[in-house]
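User: Hi! I have a new model open and would like to talk it through. Can you help me find my way around?

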Amino acid sequence: MKLVPLGDRVVLKQLVAEETTKSGIVLPGQNKEKPQQAEVLAVGPGGMIDGKEVKMEVKVGDQVIYSKYSGTEVKIEEDEYIIVKQSDILAVIE
């Protein structure tokens, strides 16, 4: 199954959080927050959204930081994805 976002939506795959610190301390699972870093898997076409021209500025393969409480989490088969509006993406990691 393939997710194809509409409008100014972007499909993200959350990056895996590190389970050990740089000094080698193992972090227990319940104390970790989900990272707000993700990889872009699919990008909508953009276009006219609510009467405004929206140009898509991210592309497939970009690593991004997105707003903490944004988007919709979707589980397809065993994989989890997040669908957000492009405006919920705060930065591209270079």
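Analyst: Happy to; we can start with the overall layout and then go to single residues. Keep in mind that this is a predicted model.

User: Great. How many helices and strands are in the protein chain?

Analyst: The protein chain has 0 helices and 8 strands. Along the sequence the pattern reads β-β-β-β-β-β-β-β.

User: And what share of the residues is buried?

Analyst: Of the 94 residues in the protein chain, 26% are buried.

User: What share of the contacts comes from residues 24 or more positions apart?

Analyst: They account for 64%, counting the contacts with a separation of 6 or more.

User: Which residues make up the largest nonpolar core?

Analyst: That core has 12 residues: Val10, Leu12, Ala38, Val40, Val54, Met56, Val58, Val64, Tyr66, Ile82, Val84 and Ile89. At least two residues of this core come from each of E1, strand E2 (37–43), strand E5 (63–66) and E7.

User: Let me pick Ala38 out of that list. What is alanine 38 in contact with, leaving aside its neighbours within four places in sequence?

Analyst: Alanine 38 contacts Leu12, Lys13, Gln14, Leu15, Asp62, Gln63, Val64 and Tyr66. Leu12, Val64 and Tyr66 are also members of the core.

User: Switching to charges now. How many salt bridges does the structure hold?

Analyst: There are 3. As background, side chains of opposite charge can pair when their charged atoms come close.

User: Which one links distant parts of the chain?

Analyst: Let's look at lysine 13 and aspartate 79, whose side chains meet in a salt bridge with an N to O distance of 3.9 Å. This pair links distant parts of the chain, with lysine 13 in strand E1 (residues 9–14) and aspartate 79 in strand E7 (residues 79–85), 66 residues apart.

User: How accessible is lysine 13, and how accessible is aspartate 79?

Analyst: Lysine 13 has a relative accessible area of 29%, so it counts as partly exposed. Aspartate 79 is partly exposed too, at 34%.

User: What about aspartate 62 and lysine 59?

Analyst: Their side chains form a salt bridge at 3.1 Å, N to O. Aspartate 62 is buried, with 11% relative accessibility, whereas lysine 59 is exposed at 54%.

User: That leaves aspartate 8. Which residue does aspartate 8 form a salt bridge with?

Analyst: Its partner is arginine 9, and the closest N and O atoms are 3.4 Å apart. The pair also shows up as a polar contact of 3.4 Å between the two side chains. Arginine 9 is partly exposed at 34% relative accessibility.

User: Is aspartate 8 buried or exposed, and why?

Analyst: Aspartate 8 counts as buried because its relative accessible area is 9%, and buried means under 20%. Aspartate 8 is placed in the segment before E1. Leaving aside neighbours within four places in sequence, aspartate 8 is in contact with Ile49, Val54, Met56, Val84, Lys85 and Gln86. Val54, Met56 and Val84 belong to the nonpolar core.

User: Now the loops. What is the phi of glutamate 77?

Analyst: Phi of glutamate 77 is near 55°, a positive value in a residue other than glycine. For context, most residues other than glycine have a negative phi. Glutamate 77 lies in the loop between strand E6 (72–76) and E7, and it is exposed at 63% relative accessibility.

User: Last one: where is glycine 61, and what does glycine 61 touch?

Analyst: Glycine 61 is in the loop between strand E4 (52–54) and E5. Not counting residues up to four places away in sequence, glycine 61 touches Glu39 and Val40. Its C-alpha atom is separated by 6.4 Å from that of leucine 41, which is 20 residues apart from it along the chain. With a relative accessible area of 42%, glycine 61 is partly exposed.

Conventions:
Residues are numbered from 1 along each chain as its sequence is written. This is a predicted model: local features need pLDDT of at least 70, side-chain atom pairs count only at pLDDT 80 or more; totals for chains, interfaces and linings use all residues. Side-chain values use heavy atoms; hydrogens and water are left out. A salt bridge is a side-chain nitrogen of Lys or Arg within 4 Å of a carboxyl oxygen of Asp or Glu. Buried means under 20% relative accessible area, exposed over 50%, partly exposed in between (1.4 Å probe, protein chains only). Helices (H or I, at least four residues) and strands (E, at least two) are DSSP runs, numbered from the N terminus. A polar contact is a pair of N or O atoms within 3.5 Å; within protein, one must be able to donate a hydrogen and the other to accept it, and residues adjacent in sequence count only if both atoms are side-chain atoms. Contact means heavy atoms within 4.5 Å. A nonpolar core is a set of buried Ala, Val, Leu, Ile, Met, Phe, Trp, Tyr and Cys residues joined through side-chain atoms within 4.5 Å.
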